[in-house]
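Please keep the sequence and the structure in view while reading.

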Amino acid sequence: MKKITLLFVALLACLQVVSQSEKISEEVKTHAQALVDTEHNVGIVIAFINGNTVDFFSVGTTDLQNNIPVNEQSVFEIGSISKVFTTTLLANEIVNGTMKLTDPISKYLPKEVSVPSRNGREITLLDLATHTSGLPRMPNNFEPKNPNNPYVDYTQELMYAFLSSYELPRDIGSEYEYSNYGMGLLGHILERHTGKSYEDLVIEKIAVPCEMPNTKLVFNDYMKSHLAKPHAQGVEVSNWDLTSLAGAGGIRATTKDMVQFIKANMGVFKPSIYDAMAFSQKVAYENNGMKMGLGWNFAQNGKDTVVWHNGATAGYRSFTGFIKGTQKGVVVLGNSDGDIGRLGMKLLGDPRPFSAPKVSIQTVINKEIETNGIQSAIKLYKKLNAESSNDYTFSEEALNTLGYKYAAENKDEIALELFKLNVESYPNASNPYDSLGEMYLKLEDTTNAISNYTKSLQLNPANDNAQSVLTQLGVDTSKLKVDVNIPEATLESYCGKYELQPGFVITITRKDKQLFAQATGQPQFELFALDINKFYLKVVEAQVTFNTNHNDEIGSLTLHQNGQNMPAKRIK
């Protein structure tokens, strides 16, 4: 399965900060340059804001062919940072008295659309704006015809059909679950309420008063000529066009424009939308120590609050944040799938040192395929992997992305071999089997497709895609469901604090027979049993294994995510 996400607030994203610099530090500049030099990123633009003073730094290019440098005028997809535009538009309606956060969303949808409810509680606008509606990350009828532009054919009719058929898994408002679908639905509701398109609302209410001329959903001529082209794992990919779910992540902008957006949010200047911006930054949801505003995430630094959001589409990454009550903020935009959030958090005081970036193995293998063919590339991959070279980073996502690149080019034999290699390299990860199953299905090899989708679902029972495909192929997936009955005393023995790295702790708690995991600065997520000591998460493809020490006590856990096995020692 091609991992299609607009944003994932990663379980491993450390949000602790301690102090703020006055400008972009040499440490940040050096690391940004290293990210480009090692081909993790193609281009990066950074802005540090201190009142009306803005320090810009740019490194890299708009693409891999023309060697045109990126700068603050380059255009990027900002992905899920669009969500805080959506919640700001909602806040504007709230402060103007035309909507209420307590309004049920059914009030703004056609009568023929059946909105799910639970225990007499209806989904409200507040629930959508805080990811607490009970709606999932993505709808189960999201089946893009073109995985390179996956949202373009997800229609309003499909959005309504999913909503009318969905059964909520938990009480509304009881838990946080990040939902692209829910925020896209909120954007659509704002369209229906105002009678204007989402893009027109963004331009009229935010971009024009904040002097952001190149913040739009649809490229104009200027934006096309200044586009920083998208890249994934060192390969140029397609831009994404969001239609019905535009409110979840459809905006394109320049760094210069985003600086205006953050300056307005901090009150450096106060456009007509300022009151709505301030309203969106108030605590709107609080549970188990986790707080958020309308769309905005919060991280505590002593008495200071960091207000932030990040974003991701296929070939872009974005980050923005500021210290609430001050005029210090950052914007970081990049035109590849390499992480840049650490750059932003470092400027906001993240104390962790940068790790020297390594070259992605995907870039090396792609060049070898183009030069000497797939079999030579496989030999090279295995050789470098066996040598455990510190010069390269190996991940299941790298091979997966490369496989889909060749599948999109209809070079199916190459794609098939890459997916096979990924399964061989990461036999305990669910996604490689899903992708291999998809490739076999494309090649009309139903037997192997079923086999691989089955293995994927067994490794990750939360894989809705595998569940759906197997059902369509006539497989009774009920026989694959895991039913592990673990005594409460055993579950209690897993509870405690586990340090993954200094200052970053995963806390395990229990309520009756349900375990929960909460990482530093993150929401609390449910853990579901695969075995007596092994659990999985539904919000992301990740697993947790609890390990005994020499005293036969639980002494550590191992987090399995993105093909990595990360140990965390028990400290309490």
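## Terms and basis

Buried means under 20% relative accessible area, exposed means over 50%, and partly exposed lies in between, with a 1.4 Å probe and protein chains only. The model is predicted, so that local features need pLDDT of at least 70 and side-chain atom pairs count only at pLDDT 80 or more, while totals for chains, interfaces and linings use all residues. Residues are numbered from 1 along each chain as its sequence is written, and side-chain values use heavy atoms, with hydrogens and water left out.

## Loop residues

His131, in the loop between helix 3 (125–129) and helix 4 (156–165), counts as buried at 2% relative accessibility, and its phi is near 60°, a positive value in a residue other than glycine. Helices (H or I, at least four residues) and strands (E, at least two) are DSSP runs, numbered from the N terminus. Most residues other than glycine have a negative phi.

Glu39 also has a positive phi, near 65°, and is found in the loop between helix 1 (26–37) and strand 1 (43–50); with a relative accessible area of 33%, Glu39 is partly exposed. Gly51 sits in the loop between strand 1 and strand 2 (53–60) and is buried, its relative accessible area being 6%. Apart from residues up to four places away in sequence, Gly51 touches Lys263, Val268 and Gln327, where contact means heavy atoms within 4.5 Å. The C-alpha atoms of Gly51 and Phe269 are separated by 9.1 Å, although these residues are 218 residues apart along the chain.

## Nonpolar cores

A nonpolar core is a set of buried Ala, Val, Leu, Ile, Met, Phe, Trp, Tyr and Cys residues joined through side-chain atoms within 4.5 Å. The largest such core has 79 residues, and those with the most contacts inside it are Phe85, Leu185 and Phe261. Neighbours within four places in sequence left aside, Leu185 is in contact with Ile105, Leu109, Leu128, Leu135, Met159, Leu163 and Leu245. A second, separate core of 31 residues includes Tyr285, Met292, Ile508 and Phe535.

## A helix pair

Helix 17 (residues 446–459) and helix 18 (residues 464–472) pack at an angle of about 140°, with their axes 9 Å apart. Axes are lines fitted to C-alpha atoms, for helices over the stretch in contact, and angles run from 0 to 180 degrees between N-to-C directions.
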